[in-house]
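Subject: Handover of the structure, with findings

Hello,

I am passing this structure on to you.

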Amino acid sequence: MKLQRKSMLRASALGALVVSGALVLTACGSDNNTKADSTASGKASAPAAGDIKCDDAKGKLLASGSSAQKNAVDLWVKAYMAACSGVEVNYKSSSSGEGIVAFNQGTVGFAGSDSALKPEQVEESKKVCTGGQGINLPMVGGPIAIGFNVAGVDKLNLDAPTLAAIFNDKIKKWDDEAIKKLNPGVTLPSTAIQAFHRSEDSGTTENLGKYLKATAPDAWTYEAAKKWPAPGGQAASGSAGVASQVKAVDGAIGYFELSYATSQNIKTVDINTGASAPVKASAESASKAIAAAKIAGTGSDLALKLDYTTKAEGAYPIVLVTYEVVCDKGNKAETLPTVKSFLNYTASDAGQKVLSDNGYAPIPAEINTKVREVIKSLS
Amino acid sequence: MASTTPTPLDTAPPVTTSAGSTGRAGDKIFAGLSKGSGILLLVIMASIAVFLTYRATLALSKNEGNFLTTFDWNASANPPVFGIAVLLFGTVVSSIIAMVIAVPIAVGIALFISHYAPRKLAAPLAYVVDLLAAVPSIIYGIWGALFLVPYLGGLNLWLDEYMGWTYVFDKTQVGVARSLFTVGILLAIMILPIVTSVSREVFLQVPRMNEEAALALGATRWEVIRMSVLPFGRSGVISASMLGLGRALGETMAVATVLSPSFLISGHILNPGGGTFAQNIAAKFDEANEFGRDALIASGLVLFLLTLLVNGAARMIIARRKEYSGANA
Amino acid sequence: MSHTIQDQRPARAPKSVAPSRLTRGGLPRWAPAGIAVVSIALGCGIGAAFGLQSKIQWGLISALLFVTITYVASAVVENRRQAKDRVATSVVWVCFVLAVIPLLSLIWTTVSRGMNALDGDFLSHSMNGITSFEKGGGVYHALLGTIEQVALATAIAAPVGLLTAVYLVEYGRGSLAKAVTFFVDVMTGIPSIVAGLFILTTWNLMLGFGPSGFAGSMALSILMMPVVVRSTEEMLKLVPNELREAALALGVPKWRMILKVVLPTAIGGIATGVTLAVARIAGETAPIMLLVFGTQLINGNPFEGAQSSLPLYIWEQYKVGSEASYDRAWAAALVLIAFVMILNLVARGIARWKAPKTGR
């Protein structure tokens, strides 16, 4: 018995050691990454903190949703948290659908979504927003780049019908006549085309579908939906998943938000819109297309209607707009000041400048003014 | 699941044995505590079962497709259409591939450790295999996606070229090796340690006498194994395989990282595409609305029943073996 | 069939025409190693000659050659029975090598790629302010989250599991015990994601609590309980009945008998079982993914606010898909493996340290 007691004593000593070790560990970590920051590639330009009004923002704000705006939100959050000490903004990048589900369950302060709330989702949001409902605030615009990886090909022009045929498995080789015709002077290999699409429901998929449906209704007969509708092709999870597959596989083509292409050096397709020259995917060319957008929402809801069939010079037609979804009335009291102050910053000139510096398209000034007004009125 | 809830708790007979019925307070408290935690466990289990069944029936009652035969998963749409055919197929096929590859190799390793390896090597080897059983599945997942998939590309083309006539190995669709076949190989690697360590335990329990008797008759080492070790260990190997199968069926992250999911059933296992229950839940759950989640829970219930069946079979075989070896002891 | 060979070795069986099989020549001791070298060389040669790209094919061809050459050599030099034995031996060796290669590759990849990002800063910093394509950042917040969640899960599951096992072994008779045994078996089969769904729907949605480390712990404890019950039960069953009877005969109340005799006797095995269960749940991803939300910041309070965890961190970084984030994912994988391995070693240590004293 004595022996056993001794060993039990030792066991509890060991336990105590583990617990105290964990406690010590708690004290030694640090959230301060400024040193690592300065050594990192300084491409991500953080704006001056002076533009950020913290007001009475405090505590922790959870948000989740679209992965298309993740890179922009990362930069915003970084600048915002540097300016407002004591505030934590935590944006989980998963997908638009997840963000809306989480929003309607009251888990998050705001959600990011690549498509506006559907009527039944608005209906559902009334449970969370006491006395109000969920509204869409257009915040981030961006081109959906068509990335490709074909050995020996640096520049590729495609139009909507060809793109549709590639993505629904009608065109199977890179040296297909249709592609050749659009790319005179380019030697195309006979590599098989491997088209990648998103495996989960995605706002990016829906926007690409809307574009193809609007511009090539004969070749693309599917209704635009978040779920990938066409046969064939391979699936990968998330924008980043598609991008990394395209980067790794010879003969691959896929679609994702432009910043994924620029950050990973993936070549993108220039789109032949019918304008005098094919349009390259870039923040400016996308801004031109988004500038033509009209507000379709009513009241404080600012959902947009985009013109995918635009033939304007230098306007890149495959675009998406990410909305921040919030309650117009009845936001949770503890997060409301933070939501207002954070969105105020993202909609400000400084916030929108972060977008154009990083491959996103800012929201047109006239719409942006309305966004700022709505943000002020949130309660 | 509700139908399988056990007999009502109140019919349980008094559980204190003669020694415990001396009426001392400490005894009552302790017996009550331990009984209480047993009951707590039952309550948790029952509530999970009730919850799963309830949510699943909610989903099934509104399904516009046939739950068993529809080749689609569009549960968040209106009206919802979803079916588990593809998932069932993918789960079973990938697990079968895993078993076909893993079980013979695992038996080989188990024999190696128990009968072939130099004595000094055997113990550390057994230990290493046990450690590998503890490598988290997410790590197998990223290793599979970033390392195994590129490496299997050549093997896939080769199988397609020389074994293409078998239909199964005919790769009709271009694409990287993110196929059910690759998933099967990855699952095989993942379940190797568990199947090996259970088999090894069984092989080590073979009565020394049997082996020595065979050796004395002039049998070679292989003959000893074939005549005395394998017959003795057969049921043990079967149950080890079942345990491995149970793990392969429910594997989530490793499949989710490697497979290129699609809702098609194809006998060409080298083609990218297919899906499994767990992978589908992990991939779709984020996006699903409340009803979509219920539908996923319904598929989770099917997976649960499948795993239950397999584990139950394994336990029955193990239990039978215990009696058998007990009689021989 | 082997006359010619006997002619070459007249010294062994100088007179006899049909020599005793027992004394006949065998392959030299170095034969397996030699054949292995030859077949690997041949396999690589064939692979290179036919331009087979995949190294896996080279390996498979070498393995096949190894088995065939062994059989032929042994059949020629020795006899069929020996040849079969040799083949069995070589097949077993091949199996072993086949299995070891991917496992070694897994460990090697994790270690070599993990070292890229792993340093003191990585272990002591969070991901605060690091955008996904930048280098830098750390895993501290995730490590802390994992430790806290696992500790909480153990604090819930270990006592319940232990007491349940005590109930089953020491008290359990009749249908309640049978039901508990059956449902413990059922519980081991719960896919981990289903446990996560259960907690999400009840704790977070019905009761309205926000995501927290504690929610993750509850899901983990559901997964841990049956494992603890099973292993503890096995250990308690190994305690000799004589010990119990002796204690009871001395007039010790049953609960003191259990606490002072049965549990201390089995404590080594129980601790091992619990530690292995902890190692098991530390790597769970699916339920954690649904429940703790994930964060880039250090949150030391598991009961409130979003936390991160190592498996979730690996998954997030993998999904980002840039070089820097892959490095982070591998480094975190290395940390996670080290964490699990240390727990395993602790379990082994406890088992070894306790084993002799139990007198089993």
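Here is what turned up, chain by chain and then across chains.

First, the ground rules. This is a predicted model, in which local features need pLDDT of at least 70, side-chain atom pairs count only at pLDDT 80 or more, and totals for chains, interfaces and linings use all residues. Residues are numbered from 1 along each chain as its sequence is written, chains are lettered from A and ligands numbered from 1 in the order in which they are written, and side-chain values use heavy atoms, with hydrogens and water left out.

Chain A

Chain A has 14 helices and 13 strands. Both are DSSP runs, numbered from the N terminus: helices are H or I with at least four residues, strands are E with at least two. Of its 379 residues, 56% count as buried. Buried means under 20% relative accessible area, exposed means over 50%, and partly exposed is in between (1.4 Å probe, protein chains only). Take the contacts in chain A between residues at least 6 apart in sequence: 75% of them join residues at least 24 apart. Contact here means heavy atoms within 4.5 Å.

UniProt lists "domain: PBP" at residues 57-349 of chain A, in an unreviewed entry. UniProt positions follow the numbering used here, feature names are shortened, and annotations may be inferred rather than shown by experiment. That span is 33% helix and 24% strand, and its end C-alpha atoms lie 20 Å apart.

Chain A is also divided into domain 1 (20-141 + 323-377) and domain 2 (144-290). These bounds come from an automatic or database domain assignment. The contact takes 18 residues from domain 1 of chain A and 16 residues from domain 2 of chain A. The C-alpha centres of the two domains lie 29 Å apart. Between them, about 1300 Å² is buried, and carbon and sulfur atoms give 48% of that. Buried area is the accessible area (1.4 Å probe) that two parts lose on being put together, summed over both. On the domain 1 side, Ser67(A), Asp114(A) and Gly359(A) lose the most area to domain 2, together 26% of what that side buries. The count of salt bridges between the two domains is zero. A salt bridge is a side-chain nitrogen of Lys or Arg within 4 Å of a carboxyl oxygen of Asp or Glu.

One residue to look at is Lys294(A), in strand S11 (residues 294-295). Lys294(A) counts as exposed because its relative accessibility is 56%. Leaving aside neighbours within four places in sequence, Lys294(A) is in contact with Ala303(A), Leu304(A) and Lys305(A). The C-alpha atoms of Lys294(A) and Leu306(A) are separated by 6.8 Å, with the two residues twelve apart along the chain.

Chains B and C

In chain B, helix H9 (residues 277-285) is mostly covered, with eight of its nine residues buried. Among them are Phe277(B), Ile281(B) and Phe285(B).

In chain C, an unreviewed UniProt entry places "domain: ABC transmembrane type-1" at residues 143-347. That stretch is 80% helix and 0% strand.

How many residues of chain C are in contact with chain B? The answer is 84, and they meet 85 residues of chain B. The area buried between the chains is about 7900 Å², with 79% from carbon and sulfur atoms. Tyr171(C), Leu176(C) and Phe183(C) supply 8% of the area that chain C buries there, more than any other three residues. The interface has one salt bridge. Arg81(C) forms a salt bridge with Glu223(B), the closest N and O atoms being 2.8 Å apart.

Best wishes
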